[in-house]
Amino acid sequence: MLRPKLPAMPQPTGQVTPPAVVEPTSITQGLPVPPPAPVAPTPARPTVQLTPGTALALVGGGTAVVLVVGAVLVSMLLAVAVTATSVAVCAVVLRSLLTTERKR
């Protein structure tokens, strides 16, 4: 009663073909591949040249990024602090209202 029923394997319908026979083939030697032509070396020169102006621009850009990220983080911290303060004030007001109702 609790045994699962296993489905019967369906029998193939139509014409069944036997597997194809694989015949061996002979291996023939190919022509040798010529070695690649030598490539002229490129001159060893740095791709990025830092001049005093670009170094100053990089320092200025980095400073601006640090200041912007710092301002965003400080504003988020201030928002959390203001929210926590307002929740604390609401809790104190509710507590005082509930205790005055119980005293009556």
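What percentage of the 104 residues of the protein chain count as buried? In this predicted model, the share of the 104 residues that count as buried is 0%.

The overall dimensions were examined next. Whereas a compact globule of 104 residues would have a radius of gyration near 13 Å, the value computed for the protein chain is 41 Å. Along the principal axes, the C-alpha trace spans about 105 × 85 × 20 Å. As for secondary structure, the protein chain contains 1 helix and 0 strands, and this helix, α1, comprises residues 52-103.

Within helix α1 is found V65, a residue that is classed as exposed because its relative accessible area, 52%, lies over the 50% required for that class. V65 also contributes to a nonpolar surface patch of about 550 Å², which is made by this valine together with V68, V69, V72, L73 and M76.

The segment before α1 holds Q29, for which a relative accessible area of 80% was computed, so that this residue, too, counts as exposed under the criterion of over 50%. The spacing of Q29 and P41 was also examined: the two residues are separated by 12 residues in sequence, and their C-alpha atoms lie 35 Å apart in space.

Note on methods: Residues numbered from 1 in each chain as written. Predicted model: local features only at pLDDT ≥ 70, side-chain atom pairs only at ≥ 80, totals over all residues. Heavy atoms only, no water. Patch = residues over 30% accessible without salt bridge, like charges linked within 9 Å, V, L, I, M, F, W, Y side chains within 5 Å. Areas by Shrake-Rupley, 256 points an atom, 1.4 Å probe, with all protein chains shown as cover. Salt bridge = Lys/Arg side-chain N within 4 Å of Asp/Glu carboxyl O. Helix = DSSP H or I, 4+ residues; strand = E, 2+ residues; numbered from the N terminus. Buried < 20%, exposed > 50% of the residue type's maximum accessible area, 1.4 Å probe, protein only. Rg over C-alpha atoms; globule rule 2.2 N^0.38 Å.
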